[in-house]
Amino acid sequence: MSPSTPPLSTREKAELVAGSGFWSTVASESGGIRSIVVADGPHGLRLQRAGGDHLGLGTAVPATCFPPATGLASSWNVGLVERVGVALGEEARAEGVGVLLGPGVNIKRSPLCGRNFEYFSEDPLVSGELGAAWVRGLQSTGVGASLKHFAANNQETNRMTASTEVDERTLRELYFPAFESIVKREKPLTVMCSYNRINGVWAAENRWLLTGVLREEWGFDGLVMSDWGAIDRMVPALAAGTDLEMPGPQRDSADAIVAAIADGSLDEAVLDAAVSRLRSLSDRVGPPVAVPEPYDAEAHHDLARAAAVESMVLLRNEGGILPLSPTERIAVIGQLARTPRFQGAGSSQVNASRVDSALEHLRAGAAEVTFEPGYSLDPVGNSGQSLLRAAVAVASAADVAVLFVGLGEGAESEGYDRTTLELPADQVALIAAITAVQPRTVVVLTNGGVVSLEPWHDSAAAILETWLLGQGGGAAVASVLLGPEFPTGRLAESIPFRLQDNPSYLNFPGDGDEVRYAEGVFVGYRYYESAEVPVRYPFGFGLGYTTFGYSDLVVSRDGRDVAVTVTNTGERRGAEVVQVYVSAPAVPVRGPVRELRAFDKVWLEPGESRRVNLRLTDRAFSHWDSPSSDWIIERGDYEIQVGPSSHDLLLRETVTLAGQRAQKPLSLDSPVSDFLEHPVTGPLFRKAAAGRNKDGPTEGGTSVLDMVSSMPMRRLLRFPGVPVVAWQVRALSTVANLRPVRAIARLFSR
Ligand code: GLC
């Protein structure tokens with residue numbers, strides 16, 4: 001764009017803020033804006049050369065299919081996820097893609113969400129840390145991320161119309177933090193706003209969300225694009241902070257924008273800001289490379305396999321049946337062993353460059369392997385009985401049965417939710433039949449969202465949860481079952497005994513028009529642990545082929561620095577995910593009994609010990625205070641809890657924090673407690689109250705004022721005998737509200 005270039009017309013600008021097609025933005029030579037190609041998705045490049053659909057239906061160029069987020073999250077390995085991000089960027093770059101549409105960091109509010117395979121966790125720290133690593137890796141290659149779906153899009157049912165009804169504290173403490181930490185730390189080039197409404201306002205038209213929170217509070221300086229087909233009216237969307245409508249072109253939107261600017265209902269500066277962000281994006285992404293740098297597909301497949309190894313979670317291993325001995329006679333049962341399901345359906349679906357099968361690799365690694373499909377994944381498959389009988393026969397004749405079960409392609413997907421956690425009935429029947437004749441049965445699960453392990457759990461000698469493992473999963477499962485690999489994954493989502501135990505159960509998926517997040521922040525382990533609802537396996541849980549011990553917990557006085565020694569107390573190499581939870585005082589707001597605030601994964605040889613140091617931020621001790629719209633650290637005792645899961649806290653230390661309560665301005669409407677806590681009025685009022693108590697403080701050391709602490713001052717003054725009157729309190733409040741006065745008083749009150 002040379003200085004002599006005439007400025008863009010309003011119409012030209014209006015046509016820039018919608019895609020030029022399904023997967024690209026509009027170029028404007030005079031505007032100095034290059035067209036950018038965008039493509040899905042979070043665990044592999046889904047680039048459609050011709051046509052376009054946002055549901056993964058049409059063909060795409062071959063690419064490496066890495067484990068979807070549900071698997072990667074179970075690795076709890078930030079470095080690994082970053083390496084996957086780099087590989088994704090290399091493949092996107094090689095194909096001329098400027099923005100890869102991911103990561104998805106929506107919280108797993110219900111295990112039924114059809115898209116949970118594409119999201120990381122029920123916990124915002126795991127989602128944020130791993131999502132940040134994904135963005136860091138991807139953007140290091142020059143390809144932009146599109147952090148999605150912002151926000152509160154935690155189900156597929158009516159995702160394009162329903163309103164998420166949720167209080168601000170729940171958004172701030174649970175549904176925002178992953179987005180917030182990634183935006184602040186990694187500066188994703190784009191954010192994708194979600195389809196749904198939030199408290200009645202479309203995400204795409206939600207100025208509080210896209211401008212107030214995202215830009216003004218979090219400092220986001222990138223571009224906001226809509227989800228595909230999420231725009232109803234581009235004029236209010238632009239005004240709210242949406243910069244790009246996808247897909248395009250959208251003539252009617254351009255017409256509406258031009259008309260709104262002409263009639264003064266839309267400030268042209270808003271359109272200019274969107275165009276400027278498009279220009280900035282095209283500058284930051286840079287032009288497609290003239291001669292694409294080929295990527296090392298073999299190396300990417302190896303990385304996908306390594307990621308798959310770390311994504312598995314060993315839940316049960318009775319008698320140490322795993323790892324298997326290669327000389328054992330192994331009966332492999334289950335269609336999923338031969339034709340693996342390795343990713344979810346929908347926009348993220350990758351045309352995998354190759355796919356490993358567990359059966360093939362088990363046959364290669366073990367002396368004697370028999371196989372039977374056991375069931376049909378085809379909905380109208382053959383009768384189960386003949387398949388079941390054949391499977392029972394091979395299981396009976398073997399030393400061990402490895403039974404691959406799970407959810408088929410259609411059971412879970414973007415676009416719709418599940419209605420049950422159960423495995424298909426024919427597979428549950430097969431598990432019963434196999435375990436009845438073969439006590440040494442290993443159940444290998446393939447599923448994107450949590451499935452129920454009931455009622456067959458106790459009859460399985462071992463259970464390996466593999467989630468969806470990407471194209472390298474088959475080889476990875478075989479190498480973990482036979483060794484030398486070993487499982488190191490941990491649950492990033494709780495496994496309940498029953499669907500009804502899940503806190504969202506009565507409010508999922510809502511009544512069609514609205515979905516109430518009535519459980520508030522009590523999602524996943526935050527609920528199960530607080531309400532003491534037992535689960536089959538807790539968040540953070542996972543076994544290895546060895547054991548670990550914890551010792552010497554040391555916590556700094558301010559609680560920010562935590563150190564603990566972890567020892568491999570077993571006979572084999574392993575990895576432990578050290579988890580640090582904080583249990584905050586239960587007042588004045590009721591919060592979860594504990595929340596994950598830091599974690600680290602360490603690999604240890606048998607007998608090896610490692611000092612693990614973890615750092616907690618202020619946010620680890622804060623809660624969102626709605627009246628003051630601010631984060632607050634309450635004064636009180638905080639317990640630092642360290643262990644291998646949200647339910648197993650082996651070492652604990654308590655720190656007492658003075659608190660950083662945001663001082664609300666005093667007024668006659670303030671509760672007495674605010675006056676008592678204030679560094680200026682607190683001492684004055686306590687002294688006055690002490691003078692009134694002839695016999696000193698009441699029993700237990702509280703004063704009369706403590707007993708009326710929640711009463712608005714205005715009402716206390718109406719009591720006969722109170723020694724101050726309204727004008728005096730008003731004058732004192734005016735002085736006390738002055739920051740310098742407060743600061744000085746605080747100095748003296750220490
Ligand atoms: C889909 C998805 C989004 C995807 C986009 C483009 O509907 O919600 O995640 O990136 O459209 O396919």
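Start at the ligand: arginine 46 puts a polar side-chain atom 3.5 Å from one of the ligand's oxygen atoms, where a polar contact is a pair of N or O atoms within 3.5 Å. Tyrosine 195 does likewise at 2.7 Å, and glutamate 414 at 3.2 Å. Taken alone, the ligand exposes 310 Å², and the protein buries 100% of that (Shrake-Rupley areas, 1.4 Å probe).

This is a predicted model, so to speak of local features takes pLDDT of at least 70 and side-chain atom pairs count only at pLDDT 80 or more, while totals for chains, interfaces and linings use all residues. Residues are numbered from 1 along each chain as its sequence is written, and side-chain values use heavy atoms, with hydrogens and water left out.

Of the 15 residues around the ligand, Asp40, Arg115, His149, Tyr195 and Asp227 come nearest (a residue is near if one of its heavy atoms lies within 4 Å). The shell divides into five nonpolar, three polar and seven charged residues, with Asp, Glu, Lys and Arg counted as charged, Ala, Val, Leu, Ile, Met, Phe, Trp, Tyr, Cys and Pro as nonpolar, and the others, Gly among them, as polar.

Now for the backbone. Most residues other than glycine have a negative phi, and most peptide bonds are trans. Asparagine 199 has a positive phi, near 50 degrees, and is found in the loop between strand 6 (197-198) and strand 7 (201-202); strands are DSSP E runs of at least two residues, numbered from the N terminus. The bond from leucine 322 to proline 323 is cis, with omega near -5 degrees.

Notes. Polar contact = N/O pair within 3.5 Å; in protein donor to acceptor, adjacent residues only side chain to side chain. Helix = DSSP H or I, 4+ residues; strand = E, 2+ residues; numbered from the N terminus.
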